[in-house]
Amino acid sequence: MSNESNTSAQVLRVLELLEALAGYAATGGTNKDLAEAARTSAPNVTRAMASLIAKGWARKDEGNGRFYPTAQFTRLAFRVEADFDRAQDRLKDRRQAMTGA
């Protein structure tokens, strides 16, 4: 496997695990839970979670070993929503300018 395709595979694995992790926000996901959800191996989960932890998008509870998404990651959803709200406001302003309504 070329270096570029290996890097792409690693990135995709991290993103798949991030999606899986979002389903464990309340209870936390074990290494096994996440491996099953993302259809990958436990060592792959460990490596990917290290990247997500380094980015600040995940944390590991050392008491129970479970992984959780962080507030930093969950705020991304609110950023998306805020962008749609701004777009909707711009459209409303344009409609009002065009129609006077």
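Modeller: The account below starts with the ring pair and then turns to residues in the helices concerned. The model is predicted, so local features need pLDDT of at least 70 and side-chain atom pairs pLDDT 80 or more, while totals for chains, interfaces and linings use all residues. Residues are numbered from 1 along each chain as its sequence is written, and side-chain values use heavy atoms, without hydrogens or water.

There is one aromatic pair (rings of Phe, Tyr and Trp, the last by its six-membered ring, with centres within 6.5 Å; planes under 30 degrees apart are stacked, over 60 edge-to-face, the rest tilted). The ring centres of Trp57 and Phe73 are 5.8 Å apart and the planes stand at 50°, so the pair is tilted. Trp57 sits in the loop between helix 3 (42-55) and strand 1 (58-60), and Phe73 in helix 4; the pair thus links distant parts of the chain, 16 residues apart. Helices (H or I, at least four residues) and strands (E, at least two) are DSSP runs numbered from the N terminus.

Phe73 is buried because its relative accessible area is 18% (buried is under 20%, exposed over 50%, partly exposed in between, with a 1.4 Å probe and protein chains only). Helix 4, residues 71-99, also holds Asp93, which at 48% is partly exposed.

In helix 3 lies Ile53, partly exposed with a relative accessible area of 36%. Its C-alpha atom is separated by 9.0 Å from that of Pro69, 16 residues apart along the chain.
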